[in-house]
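Here's a quick tour of a protein chain for you. Keep the picture open as you read, and look up each residue as it comes along.

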Amino acid sequence: MIKYWLGTALTILVGLSACKMTDPAPEDKKSRKFADLPAYFKSENSQLISGNYTLNKSITLNNEADKVSSAADSTTVHDLLKPFQDIDLNKPSLKEEYDTSSIYDSFSGKTTVIYQSKGKQTSPSEITMELDKTGNIQQINIHSYTSNLVYEYRQDLQYIRQKQVRMATYQKIAFLQPKVLEAVVSIAPKNGN
């Protein structure tokens, strides 16, 4: 009986030592199907904070406008880019929910990449990115749409690299007046360049 337990223990020990006891390899960039938008906007966040920019905001809510200027501090920039940073099409739950197409402009060398939702209620429904000839993102447009019998919601986000952020939102709940919000934030260097 002792030989049986010794043989079993030895077999288990040899089996465990043959197995790799490490975590699975981290996901590399090539295995990602879509652009890593959270990482891109995290980088933009850092550049805007360290770049000494001024933010000129124009906000309109149901046809009432307000304008404000402020420095690009960490809280303001984080809040400004948060709707963009929250979009991650590489989540496992969205793995097969988008089609990708691209258009190449041979004159300028720019490429437009479009991620289009396959389903009606997937949010966002479409992302369009304009890349320069070196492949760097210069502009991103994001469109989201949700509707049912009592609720309708549309949101359009636009980011022009280190120049402008535009957010337009339409929200309608049954039997209530719709709310329309538009915010345009111009990003300018403090030295005026």
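Before anything else, a word on terms: helices (H or I, at least four residues) and strands (E, at least two) are DSSP runs, numbered from the N terminus. Residues are numbered from 1 along each chain as its sequence is written. This is a predicted model, so local features need pLDDT of at least 70, side-chain atom pairs count only at pLDDT 80 or more, and totals for chains, interfaces and linings use all residues, while side-chain values use heavy atoms, with hydrogens and water left out.

**The whole chain**

- The chain has 3 helices and 9 strands, and from the N terminus on they run α-α-β-β-α-β-β-β-β-β-β-β.
- Of the 193 residues in the chain, 28% are buried (buried means under 20% relative accessible area, exposed over 50%, and partly exposed in between, with a 1.4 Å probe and protein chains only).
- The chain exposes about 13,100 Å², and carbon and sulfur atoms supply 57% of that (areas come from the Shrake-Rupley method with a 1.4 Å probe, and for residues only the protein chains shown count as cover).
- Take the contacts (heavy atoms within 4.5 Å) between residues at least 6 apart in sequence: 41% of them join residues at least 24 apart.

**How confident is the model?**

- The mean pLDDT of the chain is 83, and 81% of its residues reach 70 or more; pLDDT is the predictor's confidence in each residue, from 0 to 100.
- Over residues 13-29, pLDDT stays under 50, and the model has 2 contacts beyond four places in sequence for that stretch.

**Helix 2**

- Helix 2 covers residues 37-50, and its 14 residues should span 20 Å at 1.5 Å a residue, which agrees with the 20 Å between its end C-alpha atoms (the expected span is 1.5 Å times one less than the number of residues).
- Its buried residues are Leu 37, Tyr 40, Phe 41, Glu 44, Asn 45 and Leu 48.
- Seen down the axis of helix 2, those buried residues fall within an arc of 140 degrees, so they line one face of the helix (the arc is that of the directions from the helix axis to the C-beta atoms).
- Here's the background: an α-helix has 3.6 residues a turn, so residues three or four places apart point the same way.
- On the other side of helix 2, Lys 42 and Ser 50 are exposed.
- The buried residues of helix 2 pack against several elements, including strand 1, helix 3, strand 5 and strand 6.

**Helix 3**

- Helix 3 (residues 74-85) spans only 14 Å between its end C-alpha atoms, whereas a straight helix of 12 residues would span 16 Å at 1.5 Å a residue.
- Thr 76, Val 77, Leu 80, Leu 81, Phe 84 and Gln 85 are the buried residues of helix 3.
- Down the axis of helix 3, its buried residues fall within an arc of 165 degrees, so they line one face of the helix.

**Strands 1 and 2**

- Asn 62 sits in the loop between strand 1 (53-61) and strand 2 (64-71), and Asn 63 lies in that loop too.
- Phi is positive at Asn 62, near 50 degrees, and Asn 63 has a positive phi of about 70 degrees although it is not a glycine.
- Asn 62 is partly exposed at 37% relative accessible area, while Asn 63 counts as exposed at 78%.
- In strand 2 you'll find Ala 65, which is exposed at 63% relative accessibility.
- Leaving out residues up to four places away in sequence, Ala 65 touches Ile 59 and Thr 60.

- Strand 4 (residues 111-117) pairs antiparallel with strand 5 (residues 126-131) over 6 bridges; two strands pair if DSSP finds at least two bridges between them.
- Tyr 115 stands opposite Ile 127 in strand 5.
- Strand 5 is also joined to strand 6 by 6 bridges, again antiparallel, with Leu 131 opposite Ile 137.
- Strands 5 and 6 form a hairpin with 5 residues between them, and Gly 135 in the turn has a positive phi of about 95 degrees.
- Ile 142 is in strand 6 (residues 137-147) and is buried at 2% relative accessibility.
- Beyond four places in sequence, Ile 142 touches residues including Phe 84, Ile 87 and Ile 127.
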